[in-house]
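Open the model in your viewer and keep the selection panel at hand.

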Amino acid sequence: MLIGEVAQRSGVSARMLRHYESLGLVRPSGRTGSGYREYSGEDIRRIFHIESLRSLGLSLREVKRALDDPGFTPTELVGDLIRQTRERIAAESDLLTRLRRIDAADPAGWEGVLHVVALLQALGSNSPDARQRAALASGDEVPVPVEALVEAALSEADTNVAGALRWALARSGDDAPALLARGLGSPAAAVRERAVRSLAEMPGEEATAELRHALSNADLVVRGYAALALGTRGEADAVPVLIGMIVDGRNDTDAADALSVLASDAARADRIATALVGRLAHDATGAPARGRLTQALAAVPGPAASSALVELSRDGDRAVALTATYLLRLRDTS
């Protein structure tokens, strides 16, 4: 079979067949009387084998080795191809992410594009100072895309840089809360904490709604940060978690402060006092917890809290009774 017919049947151009021949990949078995290349059936099978291996991503050198080396083990090469393909896909995915973020920033002209690229590179720098400067520069004419800020905030371990990123996120717009909320479901505790702390510093109803959802999170730390933030925002949904923090002794001082903010409303103050007394009466509440709950009543105004302190001043636990008596005196002099 002559080269033209081989090219037609195999789909490999005559020029490529000559290139294969120059590399020693395939050689026509014979020549016609006029000197034209003549390919045998075995030659054509080899051409199809070459094309099959090339379709897997092998270089022509690797194809030649695979076909000519009797000791060649295909599993090793396939393993290498899998690794190389994964690396290539990861690199392409990273490039796509960078391009999408540049597009989201909507820069005007090449100067804007280069500015965004520089900020994105700085956010991924090994230098904490560079990352912090990039976060603080996010309010410039061309802002850092919010998706990049969220990704950086969820992975940042440096305290100062994390604070700068939370500041930047608080100014980044309405898309950040939903993106941050995804971090609340992370298997990594550190990521969950960074997500809720960032949400706690974000203004707006979207962030508040995500914090409400976080009150039912399985992670105690997440629930705690969410409750503290919601308490300072006047959200009564946080009360049960805040009281639980006082009982457990987790950030109990901050939790009591948040309850005092919530108790600034008279009707809510009585409900908070009733809830605190309910936990005081709980059989499983130990002496230290009862003491903390009694102290928490100090910041709750209204008749319900005063009545509860009167009862507690006669409590069988001397420490609780003394604390309640002292708090009553403070109320009388205020």
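Select helix α16 (residues 266-280) and helix α18 (residues 303-312), which pack with their axes 7 Å apart at an angle of about 25°. Axes here are lines fitted to C-alpha atoms, for helices over the stretch in contact, and angles run from 0 to 180 degrees between N-to-C directions. The angle makes α16 roughly parallel to α18 (angles under 35 degrees count as roughly parallel). Helices are DSSP runs of H or I, at least four residues, numbered from the N terminus.

This is a predicted model, where local features need pLDDT of at least 70, side-chain atom pairs count only at pLDDT 80 or more, and totals for chains, interfaces and linings use all residues. Residues are numbered from 1 along each chain as its sequence is written, and side-chain values use heavy atoms, with hydrogens and water left out.

Now show the side chains between the two helices: D270, A273, V277 and L280 of α16 meet P303, A304, A305, A308 and L312 of α18 (contact means heavy atoms within 4.5 Å). These residues divide into eight nonpolar, no polar and one charged (Ala, Val, Leu, Ile, Met, Phe, Trp, Tyr, Cys and Pro count as nonpolar, Asp, Glu, Lys and Arg as charged, and the others, Gly among them, as polar).

Next, select S10 in helix α1 (residues 3-10). S10 counts as buried because its relative accessibility is 17% (buried means under 20% relative accessible area, with a 1.4 Å probe and protein chains only). Its side chain reaches the backbone oxygen of V6 at 2.7 Å and the backbone nitrogen of V12 at 3.2 Å.

Last, select A168 in helix α9 (residues 159-170). A168 is buried, at 3% relative accessibility.

Definitions and conventions. Angles under 35 degrees count as roughly parallel, over 145 as roughly antiparallel, 65 to 115 as roughly perpendicular and the rest as oblique. Buried means under 20% relative accessible area, exposed over 50%, partly exposed in between (1.4 Å probe, protein chains only). A polar contact is a pair of N or O atoms within 3.5 Å; within protein, one must be able to donate a hydrogen and the other to accept it, and residues adjacent in sequence count only if both atoms are side-chain atoms.
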